[in-house]
Amino acid sequence: MERKEFLDLIDRRERLVAGSDAHQFMHAAASRALEITTRLNASGGDPDQTRALLGELIGQELPESVFLFPPFHSEFGQNIHLGEGVFINMGCVFQDTGGIWIGDRSLIGHNCILTTLNHGTDPEHRGDMLPAPIRIGSDVWLGARVTVVPGVTISDGAIVGAGAVVTKDVDARTAVAGVPARVIRTL
């Protein structure tokens with residue numbers, strides 16, 4: 001399976017059947033991502049080197065305005081899309097197979113987890129994966145230790161309080177917090 005064919009399958013949100021060619025492609029990509037993130041995390045935090053390695057991971061050159069503090073972990077790496085001025089703090093985990101889009105000037109706090117795959121609920125198909133993208137708008141702030149589950153959209157200007165688990169879409173210019181995250185105010 002080729003990368004484009006795999007990403008087309010993901011964009012259609014098709015089930016990744018355990019043991020299939022797509023599933024095997026995903027595992028090979030995970031090995032690649034692990035190798036690159038190991039180098040990134042050992043780089044000593046030099047901003048240019050970190051940005052270059054992040055660009056290698058996602059497959060594109062990044063603007064100088066993108067900033068990441070290692071360590072950083074990704075299990076796929078080839079379906080992350082970053083806008084201008086994105087800041088990702090240390091300890092974040094992006095399970096990006098299903099696609100992660102982060103808009104301009106958004107801030108991702110320490111130890112955030114963005115996950116874009118669910119497992120099948122039928123025990124006989126538990127190894128199957130169901131992709132669903134995460135979309136984070138521009139000027140969003142995720143506090144420390146936020147978890148965002150598959151399929152969630154967080155709209156422009158929203159704030160997610162530290163430790164929240166975001167299970168539903170967040171409207172623009174809204175602050176949410178808690179487990180599960182609930183609206184606490186409009187900004």
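Reader: How many aromatic pairs does a search of the whole structure find?

Author: The model examined here is a predicted one. A search across the whole structure gives a count of aromatic pairs, and that count is seven.

Reader: What kind of aromatic pair do Phe67 and Phe87 form?

Author: A pair of aromatic rings is described by the distance of the centres and the angle of the planes. For Phe67 and Phe87, the centres are 6.1 Å apart and the planes make an angle of 20°. Planes under 30 degrees apart count as stacked, so the pair of Phe67 and Phe87 is stacked.

Reader: How many residues apart are Phe67 and Phe87, and in which strands do they lie?

Author: This pair links distant parts of the chain. Phe67 belongs to strand β1 (residues 67-68), while Phe87 belongs to strand β4 (residues 87-88), and the two are 20 residues apart.

Reader: Is Phe67 buried, partly exposed or exposed?

Author: The relative accessibility of Phe67 is 26%. Buried requires under 20% and exposed over 50%, so Phe67 counts as partly exposed.

Reader: What kind of aromatic pair do Phe69 and Phe87 form?

Author: Phe69 lies in the loop between β1 and β2 (72-74), and its pair with Phe87 in strand β4 links parts of the chain 18 residues apart. The ring centres are separated by 5.5 Å, with 90° between the planes. Angles over 60 degrees count as edge-to-face, so the pair of Phe69 and Phe87 is edge-to-face.

Reader: Which residue has its charged end over the ring of Trp101?

Author: The charged end in question is 4.0 Å from the centre of the Trp101 ring. The residue that carries this charged end is Arg135.

Reader: How are helix α2 and helix α3 oriented to each other?

Author: Two packed helices are described by the angle between their axes and the distance between the axes. The axes of α2 (residues 21-41) and α3 (residues 47-58) come within 9 Å and cross at roughly 175°. An angle over 145 degrees counts as roughly antiparallel, and α2 and α3 are therefore roughly antiparallel.

Reader: How do the residues of the contact of α2 with α3 divide into nonpolar, polar and charged?

Author: Helix α2 contributes residues including Ile36 and Leu40, and helix α3 contributes residues including Leu53 and Leu57. The residues of this contact divide into six nonpolar, two polar and three charged.

Reader: Is Pro131 buried or exposed?

Author: Pro131 is found in strand β10 (residues 129-131). Among the residues that Pro131 touches are Ile10, Gly98 and Leu117. Its relative accessible area is 4%, and buried means under 20%, so Pro131 is buried.

Definitions and conventions: Residues are numbered from 1 along each chain as its sequence is written. This is a predicted model: local features need pLDDT of at least 70, side-chain atom pairs count only at pLDDT 80 or more; totals for chains, interfaces and linings use all residues. Side-chain values use heavy atoms; hydrogens and water are left out. Axes are lines fitted to C-alpha atoms, for helices over the stretch in contact, and angles run from 0 to 180 degrees between N-to-C directions. Helices (H or I, at least four residues) and strands (E, at least two) are DSSP runs, numbered from the N terminus. Angles under 35 degrees count as roughly parallel, over 145 as roughly antiparallel, 65 to 115 as roughly perpendicular and the rest as oblique. Contact means heavy atoms within 4.5 Å. Ala, Val, Leu, Ile, Met, Phe, Trp, Tyr, Cys and Pro count as nonpolar, Asp, Glu, Lys and Arg as charged, and the others, Gly among them, as polar. Rings of Phe, Tyr and Trp (its six-membered ring) pair if their centres lie within 6.5 Å; planes under 30 degrees apart count as stacked, over 60 as edge-to-face and the rest as tilted. Buried means under 20% relative accessible area, exposed over 50%, partly exposed in between (1.4 Å probe, protein chains only). A charge sits over a ring if NZ of Lys or CZ of Arg is within 6 Å of the ring centre and within 35 degrees of the ring normal. Lists of a residue's contacts leave out its neighbours within four places in sequence.
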